[in-house]
Amino acid sequence: MTRVEALRSGEPDQVGGYRLLGRVGEGGQGTVYLARDSAGRRVAVKVLHSRFAQDPRERERFLREAKAARRVAEYTARVLDVGMDHGVPYIVSEFVDGVSLHDLITREGPRDLGGLVRLGLGTAAALAAIHRAGIVHRDFKPSNVLLGADGPRVIDFGIAKALDETATTTGLVGTPAYMSAEQFAGARATQESDMWAWAVTLVFAAGGRPAFGNGSLPALVHRVLHGSPDLDRVPAPLRPLLARCLDRDPRRRPTAAEAVRALLELQEAPARSTQPQLRPRSGLWKTRRLVLGSTAGAVCAGLLLVAYLLYPQAAAPSESSRSPVKAVPFGAASGETMAGHTGYVLPVAVGRLGDIPIAVTGGSDNTARVWDLRTRRQLGKPLGGHGNVVRSVALGDYHGTPVVLTSDGDNRFRLWDLRTHEQIGKPIAESDAFWGTLGQVGETPVVVAAGDDSDIHVWNADTGTRMGSIRGRNEVSSVAVTQFQDSPIAISGDGEGVAHVWDLRGMKQVGAPLDGGGESVGAVAVADLNDSKYALTAVDDELLMWDLDDHQRHGKPMRGHQGDIRSIAVERLGEVPVAITAGLDGSLRVWNLSTQTQIGEAITAHSRAAFWVATGRLDEAPIAVSTGADLTVRVWDLNRRQQIGDAFNGHSGEVYGVAAGRLGDLPIAVSVGHDATARIWDLRARKQLGAPLTGHSGEVTDVAIGTLDRAPIAVTSGTDQTARVWDLNNHRELGRFTGHPDDVLAVAVSEVNGTPVGVTGGADNTARVWDLRTRRQIGSELRHSDDVNAVATGQRNGTPVAVTVGAADVATLWDLATGKKLGSIDIPVRTDNICAVAVGSLDGRPVAVIGGSDDETSAVTVWDLTSLRVLASMRGHTDDIRAVGVGTANNVPLAISGGSDTTLRLWNMRTRRHLTTITGTWGDIHAATIADIDGQPVAISAADDGVIRVWSLSPPYPPGS
């Protein structure tokens with residue numbers, strides 16, 4: 001029976017006319033309740049978390065559940081209703097009363113052959129139905145299989161993805177113990193990945209343990225990529241089928257339908273121990289149709305979701321075939337990372353080498369590397385000699401020498417002199433141990449090692465001999481060492497969601513276990529708070545805090561990650577004790593340990609999983625250093641919550657506009673913003689050139705770069721009702737345009753009959769053309785029905801033209817020589833406000849790229865300025881589009897858009913396809929342009945946080961683009 005808890009204080013007793021009876025469960029996105037409808041029937045109601053309800057991206061993602069449910073409607077519990085209650089979305093489905101497979105096995109033990117075959121038939125049939133609908137589940141596991149009265153049902157499509165949709169990812173998606181080899185190698189999840197997870201689930205049902213165990217991510221990565229599945233507890237007749245599903249080559253795995261046929265043959269001949277056939281035998285097709293057609297309840301729609309994350313398509317590289325990182329990855333921030341590892345970067349530690357702040361990283365390329373955090377360059381040669389993946393690194397002092405301890409997949413621990421990069425002594429070999437850290441027992445320096453054998457081992461670092469071992473209960477996934485009440489202790493987390501405290505002097509457990517009630521402890525740490533010491537444990541996607549005096553949980557769980565937490569670091573921000581967590585969702589989160597609340601928004605740290613985080617100081621500022629599945633090491637300023645090295649900081653408020661150009665041979669950008677200044681930036685050195693350009697008495701709203709008598713100039717517009725012309729060589733104002741009786745919102749530059757001109761748009765419903773030499777208006781105003789928010793200039797059949805857009809949902813094309821209107825279009829989406837326009841070329845044709853805002857969806861519109869036809873409306877943004885730009889890279893005509901959803905999106909105008917989504921900006925993006933730095937195409941963006949960022953647009957592009 002499904003466990004139903006009482007409603008908590010503050011929860012509603014009714015949602016959309018459904019009376020709530022109790023709480024069934026809670027996930028990262030929403031809460032599921034048992035309820036009754038007006039007819040008295042029991043139903044399941046899923047309600048989006050209030051903290052997400054105001055986020056249009058989360059609302060969209062949540063309401064797409066209904067779409068996913070209908071894709072496999074004949075195999076699901078029926079979706080009854082979808083609606084909004086006081087602005088919060090909810091979905092109603094039939095209620096499925098049953099216990100999860102995970103809970104059943106944990107409580108009652110493994111299943112026998114007959115039970116496993118029945119379980120396999122029901123779940124494989126469900127996957128066959130899902131796959132026929134073109135959907136990949138992507139998180140198949142025992143807790144997502146409900147055992148109802150009418151058989152097993154697959155639930156929680158929380159990260160499922162329709163095959164015919166495209167998206168980019170921000171994190172490693174899935175539950176690590178059930179993820180396939182190709183997912184760990186960086187490829188996207190496929191139907192074949194579901195079959196891997198299905199097999200691991202059956203192995204769990206047969207023996208109470210996944211095929212490759214639980215525990216830390218480095219250990220799992222190593223076992224999945226290099227080890228063999230543990231099938232010892234699987235009944236012999238089932239082993240060949242499950243072994244095929246666990247083949248590292250996805251092409252050799254059976255489909256779900258083939259697995260059903262094989263299980264039917266096994267069911268027909270239960271005593272036969274030969275390998276099940278994967279081809280249908282004569283007479284089997286009719287039976288197969290009956291089985292697949294009888295799985296109407298095989299997928300529970302009550303928890304169905306469609307995913308918003310999808311890995312870019314990529315072949316899964318082997319460890320030996322990966323090439324070194326030689327260029328900034330497509331869509332990555334320029335200058336932001338420390339690149340050198342040629343595989344996954346897993347552990348990281350932060351410390352000092354004399355006066356130099358350093359980080360030490362370990363990776364799947366079998367090396368550890370030392371980095372200067374000021375210059376972000378590698379120091380000396382890699383620390384080689386490891387026989388496998390470097391799984392842990394720990395900094396310390398060994399008799400006055402700064403050292404790092406490394407461990408590898410061959411279960412060997414090495415001590416390295418950080419000054420010489422030479423190994424100290426011989427490796428310590430400890431079977432099945434992969435976590436290592438340095439400590440002190442009395443006056444003796446020790447190595448504390450732990451791993452798969454469940455034990456904690458203590459070694460004398462001087463002699464290389466074992467001092468003793470502490471017998472544990474389950475494999476150790478993480479360990480931390482500290483002093484508590486004048487005794488050295490270790491805190492270890494295991495693969496069953498439990499942490500233990502150990503006395504390293506007495507070699508015994510201290511106090512009760514710290515049981516977090518989850519599936520696995522991903523990381524442990526120790527924090528000091530109000531003169532007391534606390535243990536921090538990451539149990540699945542929650543951060544828990546434990547008082548080491550009484551071993552009781554302190555306060556509430558800290559929730560927010562959308563994937564398991566894999567690392568914890570502790571720091572102080574001023575007087576505030578904080579923890580920083582890194583998760584498989586690719587994010588870092590900062591937690592106030594006094595209030596146990598998240599500080600600010602999550603830091604979008606890595607384009608895939610964030611594996612590790614460590615903290616330290618860089619010139620007295622608190623920093624975090626993170627590693628991830630995108631092969632990068634990144635440094636973060638914790639005070640500013642900004643990445644170090646990727647951005648231009650100088651503006652004291654929002655940045656509203658940015659333009660790119662050249663100052664002689666120097667690539668530059670000019671930015672303007674709320675602080676009434678314009679600033680010039682050296683794109684090569686990533687620093688400000690000279691003093692800010694001051695003169696505007698209000699916000700500077702837009703900027704354009706051009707030339708005047710062969711000298712580089714910038715033209716800026718402002719809320720002081722002026723536009724101003726600036727000499728970029730000497731940073732002085734040349735003059736201004738006055739005439740708009742209201743804010744000047746937009747500016748562009750062009751040339752009309754040999755005369756350099758500026759074009760402005762304003763809140764007075766006009767656009768105006770100005771002579772840049774005399775600063776006088778040319779001709780009459782170009783009148784509009786509402787504010788002119790943006791203007792762009794270009795050429796149409798040799799004629800200088802301008803495109804203006806504004807608060808009305810109309811774009812207008814003007815002849816700048818005559819002031820005549822050449823045409824206009826209504827933007828073909830329900831648009832409230834057109835915010836941005838750029839003019840460029842598409843295969844020799846002049847086009848305008850237009851971005852706006854909409855209550856439901858925002859589109860980037862491509863308008864052919866010759867035929868005046870709309871060529872494309874490209875959708876993807878989940879909020880207002882505030883900025884657009886155009887350019888080319890590798891002969892691909894590109895459009896870039898930025899918006900209030902904090903993302904930049906790159907589009908191929910020729911194919912009308914979305915190329916990638918770039919994240920890493922905080923706040924609305926108000927400006928975006930495409931430029932060139934020494935032959936390399938880049939995007940430049942500016943946003944609410946006052947930061948200008950540069951992004952590489954160098955090919956290769958994602959497959960299929």
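**Basis.** I am working on a predicted model, in which local features need pLDDT of at least 70 and side-chain atom pairs count only at pLDDT 80 or more, while totals for chains, interfaces and linings use all residues. Residues are numbered from 1 along each chain as its sequence is written, and side-chain values use heavy atoms, with hydrogens and water left out.

**Whole chain.** I noted ten helices and 71 strands in the protein chain; these are DSSP runs numbered from the N terminus, helices being H or I of at least four residues and strands E of at least two. Of its 961 residues, 61% count as buried.

**Salt bridges.** I listed 27 salt bridges in the structure, each a side-chain nitrogen of Lys or Arg within 4 Å of a carboxyl oxygen of Asp or Glu. R882 meets D880 in one of them, at 3.1 Å from N to O, and D880 counts as buried at 16% relative accessibility. Salt bridges with shared partners also join D247, D249, R251 and R252 into one network.

I then turned to D864 and R845, whose side chains form a salt bridge at 3.4 Å, N to O. This pair links distant parts of the chain, with D864 in strand β63 (residues 859-864) and R845 in strand β62 (residues 845-853), 19 residues apart. D864 is buried at 3% relative accessibility, whereas R845 is partly exposed at 29%.

For E733 and R724 I recorded a salt bridge with the closest N and O atoms 3.2 Å apart; E733 is partly exposed at 24% relative accessibility, and R724 is buried at 4%.

**Aromatic pairs.** I found three aromatic pairs in the structure, a pair being rings of Phe, Tyr or Trp (its six-membered ring) with centres within 6.5 Å, where planes under 30 degrees apart count as stacked, over 60 as edge-to-face and the rest as tilted. W196 and F212 are stacked, at 5.5 Å centre to centre and 5° between the planes. W196 lies in helix α6 (residues 191-207) and F212 in the loop between α6 and α7 (217-226), so the pair ties together parts that are 16 residues apart in sequence. Both W196 and F212 are buried.

The rings of F737 and W770 are also stacked, with centres 5.0 Å apart and planes at 5°.

Notes:
Buried means under 20% relative accessible area, exposed over 50%, partly exposed in between (1.4 Å probe, protein chains only).
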